[in-house]
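Please open the structure in a viewer and keep the sequence panel at hand.

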Amino acid sequence: MATIVFEGITKTFADAKKGGIFTAVDEATFEIKDKEFLVFVGPSGCGKTTSLRMIAGLEKQTGGNIYIDGQLVNHVHPKDRDIAMVFQDYALYPHMSIEQNLSFGLKNMKIEKSIIEEKVAYASKILGLDQLLDRKPRELSGGQRQRVALGRAIVRDPKVFLFDEPLSNLDAKLRVQMRIELAELHQRLGATIVYVTHDQVEAMTLGERIVVMNEGKVQQIASPQELYARPQNMFVAGFIGSPAMNFIPAYVLSENQLQMGDYLLDVPLDRQDYVRAYVNRQVMFGIRPEHILLDPKGSVEVKVNVFEHLGAENLLYFSFNEQSVISKTAGENFIKAGETIAMTFQMEKMHLFDIE
Ligand code: ADP
Ligand code: MG
């Protein structure tokens, strides 16, 4: 068992530049379930690493409580938390063999030799390192080195694994491969994993649930499906999904009609309950690129400024109500820049946001 609870956790640092204090994590409250793969995602500097380090006990919170398995750990030493952390820079010992790198931590813990051998054999087998145990780190590829770093955590058989951007030093192809390996590893280990990344694709593919953070504040905690379909605010809506959601200022005339510049767009019946709360207000209308469709009968006529063919799909860039808008369409529909085309906004997929 390993559940982790953050209860109103705040972390401030002395601000060296401006003086005063800087809030890196602001009143974060959430619960990580046993055996869950939970991902923290957000832009650089939003407080992800600081949150992870507080779970590990490497950083002490300024306020609030942390519980692991129901036990208050505010004052529990990192060594006594039964947690293993894997960093992006691997931190392998260059002069030691892979086998020595894997067993080093256990030897320090004075664990019996036969048990160490067993654990190293297990970890190297599931990570595909068993043929490489005599090599030195410099004789391995980046992906293999990353696996050794993982192996060092696995041999310790901890309650919780913490990962801080473990794939960010790998090239794009290897990153995708390691992502799949990590997902498989989670199933095999049946352990609680807390994973930090700034990459929303990594978050969406790995996380069972995702904590989206911005400027120290938790924005939303939800499954990938929920985040994509029902982002709670403009930050989450703009951060999750690629290309990002389009935002267009709109005025809500009634529960069945929105106005955007010269265009009047009808609200389908099943979204009128949603729209009702915004009637007679200026709002931000959000629609994902894949929900703007090429449609000869479409009510929206636009001139395509740029057309990009990406193989399986195309991106169309156009102006709408003085905003730059992107549409993602199926790969076989070729359009020339400068062409005027008719499109449909799939209004059943729309989002409305308060203007902040
Ligand atoms: P992330 O991992 O999301 O990129 P961090 O958690 O590392 O962000 O940092 C959050 C903010 O806290 C950043 O603005 C960073 O500069 C600041 N910060 C982190 N650690 C310290 C520290 N030891 N002293 C002062 N400021 C820090
Ligand atoms: Mg970080």
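**Before selecting anything**

This is a predicted model, in which local features need pLDDT of at least 70 and side-chain atom pairs count only at pLDDT 80 or more, while totals for chains, interfaces and linings use all residues. Residues are numbered from 1 along each chain as its sequence is written, and chains are lettered from A and ligands numbered from 1 in the order in which they are written.

**Stop 1: the whole protein**

Display the C-alpha trace, which spans about 75 × 45 × 40 Å along its principal axes. In cartoon view the protein has nine helices and 20 strands; these are DSSP runs numbered from the N terminus, helices being H or I of at least four residues and strands E of at least two. Of the 356 residues, 32% count as buried. A residue is buried if 20 or more other C-beta atoms lie within 10 Å of its own, exposed if 12 or fewer, and partly exposed in between, with C-beta atoms placed from the backbone. Among contacts between residues at least 6 apart in sequence, 66% join residues at least 24 apart; two residues are in contact if their C-beta atoms, placed from the backbone, lie within 7 Å.

**Stop 2: the sheet that contains β1 and β2**

Select residues 4-14 and 21-32. These are strands β1 and β2, paired in the antiparallel sense over eight bridges; two strands pair if DSSP finds at least two bridges between them. One bridge to find is that of I4, whose partner in β2 is I32. The hairpin has six residues between its strands, and there G19 takes a positive phi near 75 degrees.

Now extend the selection to the open sheet of four strands, ordered β2-β1-β4-β5 with antiparallel pairing. The edges are β2 and β5 (71-72), each with a single partner strand, so one side of each is left without a neighbour in the sheet.

**Stop 3: a five-stranded sheet**

Move to the open sheet in which five strands are ordered β13-β12-β11-β14-β20, again with antiparallel pairing. Its edge strands are β13 (263-266) and β20 (351-353), each of which pairs on one side only. Neighbouring strands of this sheet are turned by 40 degrees against each other on average, direction ignored. Zoom in on residues 257-260, strand β12, which four bridges join to the antiparallel β13. Within this pair, Q259 has L264 of β13 as its bridge partner.

**Stop 4: helices α2 and α3**

Select residues 98-108, helix α2, together with residues 113-126, helix α3. The axes of α2 and α3 come within 10 Å and cross at roughly 135 degrees; axes are lines fitted to C-alpha atoms, for helices over the stretch in contact, and angles run from 0 to 180 degrees between N-to-C directions. The two helices are therefore oblique to each other. Show side chains for E99, L102, S103, L106 and K107 in α2, which meet I116, K119, V120, A123 and S124 in α3. By class, this contact has five nonpolar, two polar and three charged residues. Here Ala, Val, Leu, Ile, Met, Phe, Trp, Tyr, Cys and Pro count as nonpolar, Asp, Glu, Lys and Arg as charged, and the others, Gly among them, as polar.

**Stop 5**

The contact is made by I98, N101, L102 and G105 of α2 and V148, G151 and R152 of α4. Its residues divide into three nonpolar, three polar and one charged.

Next, take α4 (residues 142-154) with α5 (residues 172-189), whose axes come within 10 Å and cross at roughly 35 degrees. G142, G143 and Q146 of α4 make this contact with L174, Q177 and M178 of α5. Two of the contact residues are nonpolar, four are polar and none is charged.

**Stop 6: N233**

Finally, select N233, in the loop between α7 (224-229) and α8 (234-239). Is N233 buried or partly exposed? N233 is partly exposed, with 15 other C-beta atoms within 10 Å. Leaving aside neighbours within four places in sequence, N233 is in contact with Q219 and F353.

How values were computed. Angles under 35 degrees count as roughly parallel, over 145 as roughly antiparallel, 65 to 115 as roughly perpendicular and the rest as oblique.
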